[in-house]
Amino acid sequence: MKKTAVVVCPGRGTYNRNELGYLHQFHENKFDMIKRIDEYRKRKNQVSIWELDGKKNFSIKEHLPGENSAALIYACSYGDFLDINLNKYEISAVTGNSMGWYSSLVCAGALNLDNGIHLINSMGSQMKDKLIGGQILYPEVNEDWIHSQELTQLLDQKIEETNKIIGHEAYNSISYGGYRVIGANENGLKFLMNELPQREGRYPLHLPANAAFHTPLLTNTSIRAKLELSSDLFQSPKIPLIDGRGKIWMPHSTDPWELWNYTLGHQVDNTYDFSRSIEVAVKEFAPDYLILTGPGTNLGGAVAQILINRRLKPILNKEDFKKQQQENPYILAMGELGQRELTK
């Protein structure tokens, strides 16, 4: 009997030094997919993702810019989705974090492969000349992954303080499990990096090559995207989709224009509540597994923190989660070889 699974696609910042060669390692057999993506990019005078993935060394200049990283992440993520054994797993729904929403649209059949790269490449190239603001990652949990009201109040306070200063702007960008992603303009970024207390030797973390996604700073980007990308690219999904508000888009009842309007509107310049997406996935679909496509493995920790702090599973902290994953894994991260094998 098939097991049920909700598939979760990762967002920006998941193709890094450790992921170099991911396409060559796992997706050499998907020649048609990679060829079609690269033919599109060739028409845009952009470097081939196959060439980028095959580089000997990871380059911040080549691999991190949005016009390249978005296409790499999309190809890795969709390739992983195609590798899930549908004789073993019934896909109940698909969701994603931030840019992972675009990948999830393709996985769910709301965009075909070619329209998917058109959307993802277009959105990834919107700020190729100059980024609009940036993002900061900061924890809202302690080292046991238990929510800290004190840290939540600190972040609320610092965002409020930032916005009281002329020329400074900061907003909640992504609710990402036990972390909050803050989007801000340049002045806001500098203020917050100085004002937020150091934690765990790495936070506040200024996310490299990221703009102030999912904030009002990108409203003009949303307007341009709607002018450039037609609603005709979209169709009703074949698999239920869960968006960044927790709304479920069902097959047959979805209006493709509404899906286009959300994707290039609210999704671009409003907070992306990934935590809510996972909560809805678990409560509404009750899957046997959550399958996280690659590249990268960072998504697993964030998803686990959501399960803990929203009491979606009988796990109370980080150690409980690790024990469960060893004994009877609920999260299958395809970026980890051992767990990848379980999806085949």
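Visitor: Which residues of helix 7 are buried?

Guide: Helices (H or I, at least four residues) and strands (E, at least two) are DSSP runs, numbered from the N terminus. Buried means under 20% relative accessible area, exposed over 50%, and partly exposed in between (1.4 Å probe, protein chains only). In helix 7, the buried residues are L113, N115, G116, I117, L119, I120, N121, S122, M123 and G124. Because ten of its twelve residues are buried, helix 7 is largely enclosed by the rest of the structure. This is a predicted model, in which local features need pLDDT of at least 70 and side-chain atom pairs count only at pLDDT 80 or more, while totals for chains, interfaces and linings use all residues. Residues are numbered from 1 along each chain as its sequence is written, and side-chain values use heavy atoms, with hydrogens and water left out.

Visitor: Against which helices do the buried residues of helix 7 pack?

Guide: Contact means heavy atoms within 4.5 Å. The buried residues of helix 7 pack against helix 2 (31-43), helix 5 (66-83), helix 6 (100-107), helix 10 (219-228), helix 11 (256-264) and helix 12 (266-269).

Visitor: How far does helix 7 reach from its first C-alpha to its last, and which residue caps its N-terminal end?

Guide: The expected span of a helix is 1.5 Å times one less than its number of residues. Helix 7 (residues 113-124) reaches 16 Å, close to the 16 Å expected. The cap at its N-terminal end is N112, which has a side-chain oxygen 3.1 Å from the backbone nitrogen of D114.

Visitor: What does Q46 touch?

Guide: Q46 belongs to the loop between helix 2 and helix 3 (49-53). Not counting residues up to four places away in sequence, Q46 touches R41, E67, N121 and S125. With 16% relative accessibility, Q46 counts as buried.

Visitor: Is S92 buried or exposed?

Guide: S92, in strand 2 (residues 89-96), counts as buried at 14% relative accessibility. Leaving aside neighbours within four places in sequence, S92 is in contact with T4, A5, V6, I239, P240 and F285.

Visitor: How many disulfides does the count come to?

Guide: A disulfide is a pair of cysteine sulfur atoms within 2.5 Å. By this rule the count is zero. The sulfur of C9 has its closest cysteine sulfur in C107, at 4.0 Å, which is too far for a bond. C9 is buried at 0% relative accessibility, and C107 is buried at 5%.

Visitor: How much space lies in the largest pocket?

Guide: Rolling a probe the size of a water molecule over the atoms shows where empty space is left. On a 1 Å grid over the protein atoms alone, a pocket is an open set of points where a 1.4 Å probe fits, with protein on both sides within 12 Å along at least five of seven lines; lining residues have an atom within 4 Å of a point. The largest pocket holds about 1,100 Å³ of space. Of the 47 residues that line the largest pocket, R12, G13, L137, L207 and N298 are the closest to its centre. Helix 5 gives the largest share of the lining, five residues.

Terms used:
A polar contact is a pair of N or O atoms within 3.5 Å; within protein, one must be able to donate a hydrogen and the other to accept it, and residues adjacent in sequence count only if both atoms are side-chain atoms. Grid points are joined across faces, edges and corners, and a volume is the space filled by probe spheres set on the points.
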